[in-house]
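Here is a short report on how parts of a structure pack together. Look at the model first, then read on.

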Protein chains: 2
Amino acid sequence: MMDGMNRKILLASRPKGMPDESNFEMTHGPIPEIKEGEVLIKTLYLSVDPYMRGRMSDAKSYAEPYKVGEPFVGGIVGKVVESRNEKYKVGGYVEGRLDWAEYNVSDGRMIRRLNPELAPISTNLHVLGMPGLTAYFGLIYIGEPKEGETVVVSGASGAVGTIVGQIAKLKGCRVVGIAGGEDKCAFLTDELGFDAAINYKTTDNLRKAIAEVCPNGVDVYFDNVGGAISDAVMSLINFQARIVICGQISQYNLEKPELGPRVAGQLLTKSALMKGFIVTDYAKHNKEGLTELSQWIQEGKLQYRENIVEGFDQAVDAFLGLFRGDNIGKQLVKVADE
Amino acid sequence: MMDGMNRKILLASRPKGMPDESNFEMTHGPIPEIKEGEVLIKTLYLSVDPYMRGRMSDAKSYAEPYKVGEPFVGGIVGKVVESRNEKYKVGGYVEGRLDWAEYNVSDGRMIRRLNPELAPISTNLHVLGMPGLTAYFGLIYIGEPKEGETVVVSGASGAVGTIVGQIAKLKGCRVVGIAGGEDKCAFLTDELGFDAAINYKTTDNLRKAIAEVCPNGVDVYFDNVGGAISDAVMSLINFQARIVICGQISQYNLEKPELGPRVAGQLLTKSALMKGFIVTDYAKHNKEGLTELSQWIQEGKLQYRENIVEGFDQAVDAFLGLFRGDNIGKQLVKVADE
């Protein structure tokens, strides 16, 4: 048994509307012992993702809700510090969906080994992990972008949006990002090669602004945010457009559902497709997706930015920051040095 | 040149909201002469369809708007009464998109010859025509019904809905129809073999009523109506449900767009697909569709009902009747005897 303390973050209560610190509780306990077949994983990075808001509610969804009084669960990159499982050596790096804790015990089934030589290990929580695969599957399998088409991405400066836009550029599309802030927009156009970016926070007439930078209309809309931004984009879609519903962050903290313009009529007159998805729907394509993404990274064709806060005790604030729009690129919490 | 008169129905003005008689005008003129390569077609049946309402507006859509002062255009079955085109013999039957007139001239390119021995010629305007193919393509190519799944159809007693439900039964599905009237519901369950039918006009809690007859949720929703009926169905869809947007008749006569519950969140959490379409999107499958539909008709597996009004001067009222919910099955106007 290792000496020291294991801190965990639990769901203390379900939020009504916007979550705050009071919905979380930190506990202190001993570092757990492992049994035959198990490994002890020391957390290095926590992944902070918008979908976790959905799991804080008890509404039926694709993801099992978190239970009150039990730990938050999310993507974690860690190091094996004890092992009674021959597949995992002490000192090796792993990624998996684990408790928000400084140490986790795993039987090895829900974690994967990482190759630290391929790319920095933290990338396994974004460009070479769930957000990267989410961007890849949604864009390739639902959006089906064709050369010369126009792709609009909302939540464009986030972990998924940044990858969507860059893949769309690799496919020969005109790419327009929508984000909240001049710094975010500059990042998209100056560093990631987006053709245009719109700061929705300072744009009075969003529909007009999008129309100006999409002179040929919108063929693919990759939606991470929903709400009024989507209303504006939807009014500009082309015949046989594809709308990829990846996230709806503008709606997650509403106390009651918001009404909006009905979309069925627009889908009808445009013969358009709208599809929601979760990354696990395409699990059988994981290897293909990771291979493509790794290749692009190694060829320098895919840029990424990490927004790292340090310290396990900063994790809750980093999560709440997602809804304040704090992050450019992937939001991570660094819990311990590699 | 033939003796006699040719009456035509023109669009006199664009409706605001619900159309009425004042939006139409009937003109009287001579029966036109034909040139080399042309045929003169005497109208026998006019097809009366909800999509025509969309063409009365000048909003950009998949179908070119009707022009004010020019004829209504729709599906027509007629008889060749003069011919200077060797492909069409006098006495033969044809179907095509033609002016709402007692006589039309065609160069033969936009009409098709009919085989009156296969089924009554009027069926080429519904089960063996555009509505039949619409039902077939939407259900098979978008809905993709699997044995044992639950399929809900709105506007179930109309030309498209009746065929959708019967094909879904042939595919081994549980089929629930939503229609406006006890007679329509009885027709669906007693004559067409639907498993259940709901009269939305006398149902207070539509969501509860649908849930009761869909104990396993809704896998495919074939939507002809939109609005509050769709809101109720959408709240009951299953994981990976398919929503086929075929029509939105509840919305066509609204003077300004209606707000409704946003559907993107539901599509997201259910990994569901929603797709609009028009029958011509699947034109390359026309032969396959007509072959299947003809076979089912000949095997007695597909029932249909025609709601026929007599007289060219009844056409406008028959069209307005679509929005009053007058018709069970396919609404036709019989203009002349075969």
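## Helices that cross, chains that pair

In this predicted model, the axes of helix 2 (residues 130–143) of chain A and helix 3 (residues 159–170) of chain A come within 8 Å and cross at roughly 45 degrees. Axes are lines fitted to C-alpha atoms, for helices over the stretch in contact, and angles run from 0 to 180 degrees between N-to-C directions. Helices (H or I, at least four residues) and strands (E, at least two) are DSSP runs, numbered from the N terminus. Helix 2 of chain A and helix 3 of chain A are therefore oblique to each other. Angles under 35 degrees count as roughly parallel, over 145 as roughly antiparallel, 65 to 115 as roughly perpendicular and the rest as oblique.

A second pair is helix 5 of chain A with helix 6 of chain A. These two helices are oblique to each other as well. Their contact uses Leu206(A), Arg207(A) and Ile210(A) of helix 5 of chain A, and Ile229(A), Ala232(A) and Val233(A) of helix 6 of chain A.

| Helix pair | Axes come within | Crossing angle |
|---|---|---|
| Helix 2 and helix 3 of chain A | 8 Å | roughly 45 degrees |
| Helix 5 and helix 6 of chain A | 9 Å | roughly 50 degrees |

Now the two chains. A rotation of 180 degrees with 0.0 Å of shift along its axis superposes chain B on chain A (RMSD 0.0 Å). That is the relation of a two-fold axis. Copies are superposed by least squares on the C-alpha atoms of residues with pLDDT of at least 70 in both.

How many residues touch across the chains? 31 residues of chain B are in contact with 31 residues of chain A. Helix 7 of chain B gives the largest share of its chain's side, five residues.

Strands meet here too. Three bridges join strand 13 (residues 259–261) of chain A to strand 13 of chain B, and the two run antiparallel. Strands pair if DSSP finds at least two bridges between them. Leu259(A) has Pro261(B) as its bridge partner.

Residues are numbered from 1 along each chain as its sequence is written, while chains are lettered from A and ligands numbered from 1 in the order in which they are written. Local features need pLDDT of at least 70, side-chain atom pairs count only at pLDDT 80 or more, and totals for chains, interfaces and linings use all residues.

Conventions. Contact = placed C-beta atoms within 7 Å.
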